[in-house]
Amino acid sequence: MPFYEKTLAIINPNLLPRTPEIKAIIKSSGLAVIRERRVQLRKDQAVHFFSQQQQPTDRLQKANSVDDDDDVKRDLKAFLDSMTSGPIDVLIIAGFDAVHRWLELIGQADPEILRREQTNCINVLFGDGVHGSSDLRAASREIRFFFPDTLFRSGLWPRKRQGVLVTDCESFAFKRARYDV
């Protein structure tokens, strides 16, 4: 059963002119952009944000400071350079099963799969330049990074859903529904 979720989307500097089109795709898919912000990340902020992702911090810091031929370091350095080369748009996207649906809209990272199977995804339409949270826990952490004033409530969902982002209105509606039954 899909749950109402919130996830984070990042639009890299190279795709900023396409932000209205990307937001239209999000809306037409049944998801909603509930908050957005344009920010300019410094290198240390980008390293901190992306060190919380799947790569260990030391690899990101090395990628930021070492120019050698290692493919991973070069790719990470290029990624950090891209994210800090100009402002980025950061969006909170909401809807049922939002994390999974946003990742589907982005498309696979593998270019061969994209060209064969996912011809209408953002990565095919506009090129690689968007990020999506990998799961609910990552979405919660990433949203807090860019929107620290966002309210998080725990205990409103089944145990495995604790910590899911909800607004005060959702909190009230959930409590009321629980007591009205």
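This is a predicted model: local features need pLDDT of at least 70, side-chain atom pairs count only at pLDDT 80 or more; totals for chains, interfaces and linings use all residues.
Does Thr 7 count as buried or exposed, and at what relative accessibility?

1. In it, Thr 7 counts as buried because its relative accessibility is 0%, and the cut-off for buried is under 20%. The residue belongs to strand β1, which covers residues 4-11.

2. Surroundings of Thr 7. With neighbours within four places in sequence left aside, Thr 7 is in contact with Leu 91, Ile 92, Ile 93, Ala 98, Val 99, Trp 102, Ser 133, Ala 139 and Ile 143. With one of these, Ser 133, there is a polar contact of 3.4 Å between the side chains. Two others, Ala 139 and Ile 143, are among the buried residues of helix α8.

3. The chain as a whole. The chain holds nine helices and four strands. Read from the N terminus, its elements follow the order β-α-β-α-α-α-β-α-α-α-β-α-α. The chain has 181 residues, of which 39% count as buried. Among contacts with a separation of 6 or more, 72% come from residues 24 or more positions apart.

4. The start of helix α8. Helix α8 spans residues 136-146. Its N-terminal end is capped by Asp 135, with a side-chain oxygen 3.1 Å from the backbone nitrogen of Arg 137.

5. The buried side of α8. Which residues of α8 are buried? They are Ala 138, Ala 139, Ser 140, Glu 142, Ile 143 and Phe 146. The elements covering these buried residues include the strands β1, β2 (32-39), β3 (88-96) and β4 (130-132), together with the helices α2 and α5 (98-106). Strand β1 is also where Thr 7 lies.

6. Packing of α2 on α8. Helix α2, residues 43-51, packs against α8 with the axes 10 Å apart and at an angle of about 160°. Angles over 145 degrees count as roughly antiparallel, and α2 and α8 are therefore roughly antiparallel to each other. The crossing of α2 past α8 is right-handed.

7. Residues at the α2 and α8 contact. On the α2 side the residues are Gln 45, His 48 and Phe 49, and they meet Glu 142, Phe 145 and Phe 146 of α8. By type, the residues of this contact are three nonpolar, two polar and one charged. Of the α8 residues named here, Glu 142 and Phe 146 are listed among the buried ones.

Conventions: Residues are numbered from 1 along each chain as its sequence is written. Side-chain values use heavy atoms; hydrogens and water are left out. Buried means under 20% relative accessible area, exposed over 50%, partly exposed in between (1.4 Å probe, protein chains only). A polar contact is a pair of N or O atoms within 3.5 Å; within protein, one must be able to donate a hydrogen and the other to accept it, and residues adjacent in sequence count only if both atoms are side-chain atoms. Contact means heavy atoms within 4.5 Å. Axes are lines fitted to C-alpha atoms, for helices over the stretch in contact, and angles run from 0 to 180 degrees between N-to-C directions. Angles under 35 degrees count as roughly parallel, over 145 as roughly antiparallel, 65 to 115 as roughly perpendicular and the rest as oblique. A crossing is left-handed if the near helix is turned anticlockwise from the far one by less than a right angle, and right-handed if clockwise. Ala, Val, Leu, Ile, Met, Phe, Trp, Tyr, Cys and Pro count as nonpolar, Asp, Glu, Lys and Arg as charged, and the others, Gly among them, as polar.
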